[in-house]
Amino acid sequence: MAATLASDELDVTRADLATWSDGAALEVFTLSGPPPPPPEALARRIQEALDAPRTVLPQPGVGLSFDHRGSPWHSVLEIDAPERPGLLADLAALFRATGIAVRSAAIKSHEGRAYDTFELTTSEGRK
């Protein structure tokens, strides 16, 4: 989804995500930029993007901090990075390529920096 939004020059200024054990997910994005495409076209393009492979690139300037004790269920990853178009899409591709499941996320940016928090598990639900 994030890659599709970035390709339309839409900047994710805030995002919240939650997933459930049955695979259901809820994602809420606050966007800035030009008007988004019609919902039907956006939904079609998001599905196409989910079905297509995505190249995972190195992420220069991204600071990672892991906390394995802060939650009994998840490993918590905090990211501090320069804000740029497509950052969230690149992080999502990295998670997907490595089999990491994002169980919850909070995405925020402030003064040119992205401050993102992800609660992660393996695809089997382990820390």
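**Labels and the values behind them**

Analyst: Gladly. Let's begin with Asp-80, which counts as partly exposed because its relative accessibility is 32%, and partly exposed lies between the buried limit of under 20% and the exposed limit of over 50%. Please keep in mind that this is a predicted model.

User: What makes Asp-80 and Arg-113 a salt bridge?

Analyst: Their side chains meet with N to O at 2.7 Å, and the cut-off for a salt bridge is within 4 Å, so the pair qualifies. Arg-113 lies in strand S6 and Asp-80 in strand S4, so this bridge ties together parts that are 33 residues apart in sequence. As for Arg-113, its relative accessible area of 27% makes this residue partly exposed.

User: Why is the pair of Arg-126 and Glu-124 called a salt bridge?

Analyst: Here the N to O value is 3.7 Å, and the limit is within 4 Å, so Arg-126 and Glu-124 meet the criterion. Both residues are exposed. Across the whole structure, the search finds 6 salt bridges.

User: How do you know that the span of helix H3 agrees with its number of residues?

Analyst: H3 has 12 residues, 87-98, and at 1.5 Å a residue they should span 16 Å. The end C-alpha atoms are 17 Å apart, which agrees. Just after H3, Gly-99 takes a positive phi of about 75°.

User: Which residues of H3 are buried, and what do they pack against?

Analyst: The buried ones are Leu-87, Leu-88, Ala-89, Asp-90, Leu-91, Ala-93 and Phe-95. They pack against helix H1 and strands S1, S2, S4, S5 and S6.

User: Which residues touch the most other members of the largest nonpolar core?

Analyst: Of its 23 residues, those are Ile-79, Phe-95, Val-102 and Phe-118. At least two residues of this core come from each of H1, S1, helix H2, S4, H3, S5 and S6, with H3 giving the largest share, 5 residues. Leaving aside neighbours within four places in sequence, Val-102 is in contact with Leu-17, Thr-19, Phe-95, Phe-118, Glu-119 and Leu-120.

Methods:
Residues numbered from 1 in each chain as written. Predicted model: local features only at pLDDT ≥ 70, side-chain atom pairs only at ≥ 80, totals over all residues. Heavy atoms only, no water. Helix = DSSP H or I, 4+ residues; strand = E, 2+ residues; numbered from the N terminus. Expected span 1.5 Å × (residues − 1). Buried < 20%, exposed > 50% of the residue type's maximum accessible area, 1.4 Å probe, protein only. Contact = heavy atoms within 4.5 Å. Core = buried A, V, L, I, M, F, W, Y, C linked by side-chain atoms within 4.5 Å.
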